[in-house]
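Here is my notebook for today. I open the model and jot down what I look up.

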Amino acid sequence: MKLLLHPLPIRIFHWTIFCCVITLVVTGLYLHEPPQFLNLPLGLARKVHGIFALLLCTTLFGQIYYYTVTGKFTEIVLLPRDWSNVRSFLRYYLFITEHHPNFGRYNPGQKLLFTLWGLVVLAAFITGAGLFFPEESTWLQRLVGGLTNMRVIQYTIAMIFLGTLPLHIYLVFTEDPAKLQAMFTGWINKEPNKNIRSGDR
């Protein structure tokens, strides 16, 4: 039986964000310290970085709007009530127990990543805008301690994404590999958990 797990808007959001993050990390690291074996114009890298930053933020706000309007916002954001599931989540993923707890659509680890990424993208947009427009962001420079600290924040954000993307992939495959297929096609070929309904995301 096929069930619609990820509607088209969610798939567009997901893959747009994926492409934006990869592009921003690559171009950001290039702008931070251009490798000698590449001779790309810094102006081009800066322009591409800015375009994909705007696209990422636009997509993030579109995603927030979508989840708010559909009433599914609580499914992807880590809430205080989710902390009660952390113990069983850790026991399962640390191989202490074989029983897979039913967390609903996403487990606490996935919700933590989604929430962290949303906050990190907002921080990256604010500090990135400050770096692109240094003369108009003197207030922000004073707040964070100067342009150098803003660059450190940007670099740290890139490392956060590089460090958490493998964790996201791991959680996808250990939670239910069929959900990865659904992120491409929208459909899942098996009955999902009872708390997950068709077209819910």
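**Two helices crossing**

I looked up helix H1 (residues 8–32) and helix H2 (residues 42–70): their axes come within 8 Å and cross at roughly 150 degrees. Helices here are DSSP runs (H or I, at least four residues), numbered from the N terminus. Axes are lines fitted to C-alpha atoms over the stretch in contact, with angles from 0 to 180 degrees between N-to-C directions. So H1 is roughly antiparallel to H2 (over 145 degrees). The contact of H1 with H2 has 19 nonpolar residues, eight polar and one charged (Ala, Val, Leu, Ile, Met, Phe, Trp, Tyr, Cys and Pro are nonpolar, Asp, Glu, Lys and Arg charged, the others, Gly among them, polar).

**A note on the model**

This is a predicted model, where local features need pLDDT of at least 70, side-chain atom pairs need 80 or more, and totals for chains, interfaces and linings use all residues. Residues are numbered from 1 along each chain as its sequence is written, and side-chain values use heavy atoms, without hydrogens and water.

**Aromatic rings**

How many aromatic pairs does a search of the whole structure find? I noted eleven (ring centres of Phe, Tyr and Trp, by its six-membered ring, within 6.5 Å; planes under 30 degrees apart are stacked, over 60 edge-to-face, the rest tilted). One of them, Tyr106 with Phe114, is edge-to-face, at 5.1 Å centre to centre and 90 degrees between the planes. Phe114 also forms a tilted pair with Trp117, at 6.3 Å and 50 degrees. Phe114 and Trp117 sit three residues apart in helix H4 (residues 108–132), about one turn of the helix. I also found ring pairs linking Phe89, Tyr92, Tyr93, Phe103 and Tyr170 into a cluster.

Definitions and conventions:
Angles under 35 degrees count as roughly parallel, over 145 as roughly antiparallel, 65 to 115 as roughly perpendicular and the rest as oblique.
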